[in-house]
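Have a look at the model first, then read on.

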Amino acid sequence: MSQFEKTYIGKGTQVKDLDIIRVSISKETLEEILKDHMVDYDGNEYLVFEVASLKEPDQYGKTHTAYISKKVDAPKGGKAKKAKG
């Protein structure tokens with residue numbers, strides 16, 4: 001059985017009066033993404049990530065989170081750990 005492992009890469013907020021989420025990602029995280037999380041498709045590399053709303057804004061007023069979701073085999077008898085970043 002497989003499940004999804006999430007690697008959190010940044011947070012953001014909705015731009016006032018627009019259907020746009022502005023996300024901040026640190027340089028360190030971007031370097032890790034370029035090294036470990038790029039997806040190859042027809043000889044080109046892509047970054048595939050998701051943006052989801054938080055149940056409540058965090059202490060900095062961020063209302064959304066961005067993460068890379070990767071399908072992994074579930075360990076026997078438990079859930080896969082979620083990587084945080």
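Predicted model: local features only at pLDDT ≥ 70, side-chain atom pairs only at ≥ 80, totals over all residues.

What follows goes from the overall layout to the sheet, and then to a few individual residues.

Residues are numbered from 1 along each chain as its sequence is written, and side-chain values use heavy atoms, with hydrogens and water left out.

**Overall layout**

The chain has one helix and six strands; helices (H or I, at least four residues) and strands (E, at least two) are DSSP runs, numbered from the N terminus. Reading from the N terminus, the order is β-β-α-β-β-β-β. Of the 85 residues in the chain, 16% are buried. Here buried means under 20% relative accessible area, exposed means over 50%, and partly exposed is in between (1.4 Å probe, protein chains only). The accessible surface of the chain is about 7,100 Å², and carbon and sulfur atoms account for 50% of it. Those areas come from the Shrake-Rupley method with a 1.4 Å probe, and for residues only the protein chains shown count as cover. As for contacts (heavy atoms within 4.5 Å), take those between residues at least 6 apart in sequence: 56% of them join residues at least 24 apart.

**The sheet**

Four strands make an open, antiparallel sheet in the order β2-β1-β6-β5. Two strands pair if DSSP finds at least two bridges between them. Why do β2 and β5 each have one side left without a neighbour in the sheet? Because β2 (21-24) and β5 (50-53) stand at the edges, and each has a single partner strand. On average, neighbouring strands of this sheet are turned by 50° against each other, direction ignored. For that angle, axes are lines fitted to C-alpha atoms (for helices over the stretch in contact), and angles run from 0 to 180 degrees between N-to-C directions.

Thr13 has Arg22 in β2 as its bridge partner.

| Pair | Separation in sequence | C-alpha to C-alpha distance |
|---|---|---|
| Arg22 and Gly12 | ten residues | 5.2 Å |
| Gln3 and Lys71 | 68 residues | 5.6 Å |

Arg22 sits in strand β2 and is exposed, with a relative accessible area of 64%. Setting aside neighbours within four places in sequence, Arg22 is in contact with Lys11, Gly12, Thr13 and Val15. Gln3, in strand β1, is partly exposed at 21% relative accessibility.

**Salt bridge and surface patch**

How many salt bridges does a search of the whole structure find? One, where the criterion is a side-chain nitrogen of Lys or Arg within 4 Å of a carboxyl oxygen of Asp or Glu. Lys11 and Asp58 form a salt bridge, with the closest N and O atoms 3.2 Å apart. The pair links distant parts of the chain, as Lys11 is in strand β1 and Asp58 is in the loop between β5 and β6, 47 residues apart. Lys11 is partly exposed at 34% relative accessibility.

On the nonpolar side of things, Ile21, Leu47, Phe49 and Val51 form a surface patch with about 280 Å² of accessible area together. Patches are made of residues with over 30% relative accessible area and no salt bridge; like charges are joined within 9 Å, and nonpolar side chains (Val, Leu, Ile, Met, Phe, Trp, Tyr) within 5 Å. Ile21 belongs to strand β2 and is partly exposed, at 31% relative accessibility.

**Positive phi**

Most residues other than glycine have a negative phi. Asp17 has a positive phi near 65°, in a β1-β2 hairpin that has six residues between the strands. Asp17 is exposed, at 73% relative accessibility. Asp42 isn't a glycine either, yet its phi is positive at about 50°. Asp42 lies in the loop between β3 (39-41) and β4 (44-46) and is exposed, with a relative accessible area of 65%.
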